[in-house]
Amino acid sequence: MFLLVACIDPTSARHARPGLDSDDLVDTAFDSGRSGDTADSGNAGDTASTSAGPCYLGPARDHSMCLDVVPYDAAWGSDYAYPAPYGGSEQYSVPARFIDITAYSAELEIAPNFVLGEYLYDWKGQHGVMQTHVVDFMQQVRDAVGGSVTVNSGYRNPSYNASVGGAEYSRHMYGDACDIDVSDMSADALAEICDGLGADYVATYDTGHTHCDWRDHPLDPAFYDVDPAGPPAPLAPRPAHTARLSSAGEAFTAPATGFDEGEPARRWTAYDAEGAVLAVGEGVVFVPPAGATRLRVVVGRQVVVEAAL
Ligand SMILES: [Zn+2]
């Protein structure tokens, strides 16, 4: 069997732990488009421990929804034990400041069609990070979709991320990743929208969700000790994605490594000797039809494997 493996993304070594973010599969009940109570919710209080934080897009798209942040506190313990920056990359810096989620209503309108509780959940960490530009991009995604976008997962603190099998360096811990789905749109179509709006990394998963992150955009100084006027940070290292074809009898699978959260989506295409498409399929297992001479599988939109049968 001849194999051709093409990685769509540049890669570098990385440790990833596969697993399913089961909590992310639960609809959080927040639906973009709702109106929330924003009264007295714009300020967490003027205490010595808080400082001015991000100014989100807000309902009027004027970045006037400003929240306070608190400095990282070692007393938060293992829940916030960030790993050393991956590959020494500044893009994997430990956040210096966090939003105290308990200081705000989950209904706070941080964008025309999103509320705070869609991105930051107290059971994923009382203190959280969601970079300002990511909410801007997510509103653009929502505008492009033209309907509700469900955010299944925004920020995860390190212990929560580990508990759900998230990758050691999941961007969800850095506040620039979202797992999303749209009820009447395929994960691939949603991925195309993220790509078109400048997402730096997009992957699709077997659960039907699309992961979009903006890991190469400059870190938000509201949360990170970075110099906005300084030179741009080099691109963040990529996870090493691998996939291969494996057959048992007539059935093929495509075991994969390096994906952030659970099993990546697999799109199969079987071709005949003339190159015509005989069959397409989705899922973990695929059985090519009789007459197929070549098989192609795209894994999580990140790796393409082709084989002559
Ligand atoms: Zn994700």
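**View 1. Open sheet of four antiparallel strands, in the order β8-β9-β11-β10.** Strands are DSSP runs of E with at least two residues, helices are runs of H or I with at least four, both numbered from the N terminus; two strands pair if DSSP finds at least two bridges between them. The edges are held by β8 (150-153) and β10 (201-204), each with a single partner strand, so one side of each lacks a neighbour in the sheet. The model is predicted: local features need pLDDT of at least 70 and side-chain atom pairs pLDDT 80 or more, while totals for chains, interfaces and linings use all residues. Residues are numbered from 1 along each chain as its sequence is written, and side-chain values use heavy atoms, without hydrogens and water.

**View 2. Antiparallel pairing of β9 (residues 177-181) with β11 (residues 210-213).** Four bridges join the two strands. A177 has D213 as its bridge partner in β11.

**View 3. Disulfide between C194 and C212.** The sulfur atoms are 2.0 Å apart, where a disulfide requires a pair of cysteine sulfur atoms within 2.5 Å. C194 belongs to helix α3 and C212 to strand β11, so the bond ties together parts 18 residues apart in sequence. C194 is buried at 0% relative accessibility, and C212 is also buried at 0% (buried, under 20% relative accessible area; exposed, over 50%; partly exposed, in between; 1.4 Å probe, protein chains only).

**View 4. Disulfide between C55 and C66.** The S-S torsion is about 105°, so this disulfide is right-handed. C55 is partly exposed at 28% relative accessibility, as is C66 at 29%.
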